[in-house]
Amino acid sequence: MTRQALIGDIGGTNARFALVSPDHPAPHHIMTLPCVDYPGVVEAVQDYLSQAGASGQDAPKEACLAFACPVHAERVSMSNNHWDFLKSDVRRELGLDNFKVINDFMAQALGVPHVAADELVSIQTGDEVEHAARLVIGPGTGLGMAGVFPARRAWVPLPNEGGHASFAPTDELELDIYRHFHRRYGRVSVERILCGQGLLDLYRVLADMDGQPALASSPAEVTSAANSGDPLGRDTILRFLKILGDVSGDAALTLGARGGVYLCGGIVPRLVDWLPHSGFLSAFSSKGRMRPYNEAISIQVVKAPWTGLLGAAEALHNEEVE
């Protein structure tokens, strides 16, 4: 039997692991483990391999793991959980011959070309330019962003930390929102608003501005309130999506994403029904003289549950990924 390889997609909350075979690269034995249950990545991987029946002599010798944080240095310190490690230590402790560490949204970007058509929801029909960059963006525990470019021999990932760019208000309400966030956090990045905690913070800010009680105590409760017809919950979701449209449109211009924009992450796929009623598309295209440029870009929501794992599998033997 050909030895299997390990792939993983590790966010601020959960670690998703799977195995892939050289002759059948589709992920299998997919499991989701809470990061809080493990002191570090090695312990989580060892537990996963034990549960998947791939430990001991059957343990993988190759792995590609994606993390929701910068990964360019030897030390990886996760932005939204307690995991901190040296790549060389993980490679040694797991007995790996080939070990690749990539950013989680690099994995999302590399995974998007492998997502089935029936797992994509079109939001704006545009002109998908075949030999052009694609933007992958989405809020979850944080705000992830990356690009991917179709080179002649392989998909070339274009990782970045655009989620940490400064938030730029575009109207009077957003100026007031900015002031509230600034008083609490100091510098306001787009990730401060466009993430799970940011959704809850935005809800509380709007409640304070309107003199209303903030009854929701979690991002899920904000969404539930909106779906139940609560005006404050509705206004929060609509403003959240409008700001996401602003940021996505700016990122598309910066990257030159004429190959399309793909909305991923843990939040937007749950808000697909809200997108047509929000200001997302208007904000995405409201770029002055560049409006026609952005109006010609296709936008799709990725509903596939394991896009990051598909990207990790792609990266494992992609010569453009070190």
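Me: Leaving aside its neighbours within four places in sequence, which residues is G265 in contact with?
Reply: This is a predicted model, so read everything here as computed from it. G265 sits in the loop between β12 (261–263) and α9. Once you set aside anything within four places in sequence, its contacts are F105 and P139.

Me: Is G265 buried, exposed or partly exposed?
Reply: Its relative accessible area is 30%. Buried needs under 20% and exposed needs over 50%, so G265 comes out as partly exposed.

Me: How far apart in space are G265 and K61, C-alpha to C-alpha?
Reply: Along the sequence, 204 residues separate G265 and K61. In space, C-alpha to C-alpha, the gap is 29 Å.

Me: And A257, buried or exposed?
Reply: A257 is a loop residue too, placed between α8 and β12. Its relative accessibility is 0%. The cut-off for burial is under 20%, so A257 counts as buried.

Me: Which residues is A257 in contact with, leaving aside its neighbours within four places in sequence?
Reply: A257 has 0% relative accessibility, and its loop runs between α8 and β12. Skipping the neighbours within four places, the contact list for A257 reads A133, R134, L135, A252, Y293 and I297.

Me: What separates the C-alpha atoms of A257 and G163?
Reply: A257 and G163 are 94 residues apart along the chain. Between their C-alpha atoms, the separation is 16 Å.

Me: How many aromatic pairs does a search of the whole structure find?
Reply: Ring centres have to lie within 6.5 Å to pair. Searching the whole structure on that basis gives a count of four.

Me: Is the aromatic pair of F67 and F85 stacked, edge-to-face or tilted?
Reply: The F67 and F85 rings are 5.0 Å apart, centre to centre, with 50° between the planes. Stacked needs under 30 degrees and edge-to-face needs over 60, so this pair is tilted.

Me: Which strands does the F67 and F85 pair link?
Reply: F67 and F85 are 18 residues apart, and their pair ties together distant parts of the chain. F67 is buried at 0% relative accessibility, and F85 is buried too at 7%. The strands they belong to are β4 (residues 62–67) and β6 (residues 84–86).

Me: What kind of aromatic pair do F280 and F284 form?
Reply: F280 and F284 are both in helix α9 (residues 280–285), four residues apart, which is about one turn of the helix. Both are buried. Their rings are 6.2 Å apart, centre to centre, with 20° between the planes, and the pair is stacked.

Me: Are α6 and α8 parallel, perpendicular or oblique to each other?
Reply: The axes of α6 (residues 196–210) and α8 (residues 231–255) come within 9 Å and cross at roughly 125°. On the α6 side, the contact residues are L199, L202, Y203, L206 and A207, and the crossing is right-handed. Perpendicular stops at 115 degrees and antiparallel starts over 145, so α6 and α8 are oblique.

Me: What is the handedness of the crossing where α6 passes α7?
Reply: α6 and α7 (residues 219–227) pack at about 60°, axes 8 Å apart, which makes them oblique. α6 brings G196, Q197, L199, L200 and Y203 to the contact, and α7 brings P219, V222 and T223. As for the hand, α6 crosses α7 left-handed.

Me: Which residue has a positive phi although it is not a glycine?
Reply: Most residues other than glycine have a negative phi. The exception here is in strand β3 (residues 24–34) and is partly exposed, at 43% relative accessible area. With a phi of about 55°, the residue is H29.

Conventions:
Residues are numbered from 1 along each chain as its sequence is written. This is a predicted model: local features need pLDDT of at least 70, side-chain atom pairs count only at pLDDT 80 or more; totals for chains, interfaces and linings use all residues. Side-chain values use heavy atoms; hydrogens and water are left out. Rings of Phe, Tyr and Trp (its six-membered ring) pair if their centres lie within 6.5 Å; planes under 30 degrees apart count as stacked, over 60 as edge-to-face and the rest as tilted. Helices (H or I, at least four residues) and strands (E, at least two) are DSSP runs, numbered from the N terminus. Buried means under 20% relative accessible area, exposed over 50%, partly exposed in between (1.4 Å probe, protein chains only). Axes are lines fitted to C-alpha atoms, for helices over the stretch in contact, and angles run from 0 to 180 degrees between N-to-C directions. Angles under 35 degrees count as roughly parallel, over 145 as roughly antiparallel, 65 to 115 as roughly perpendicular and the rest as oblique. A crossing is left-handed if the near helix is turned anticlockwise from the far one by less than a right angle, and right-handed if clockwise. Contact means heavy atoms within 4.5 Å.
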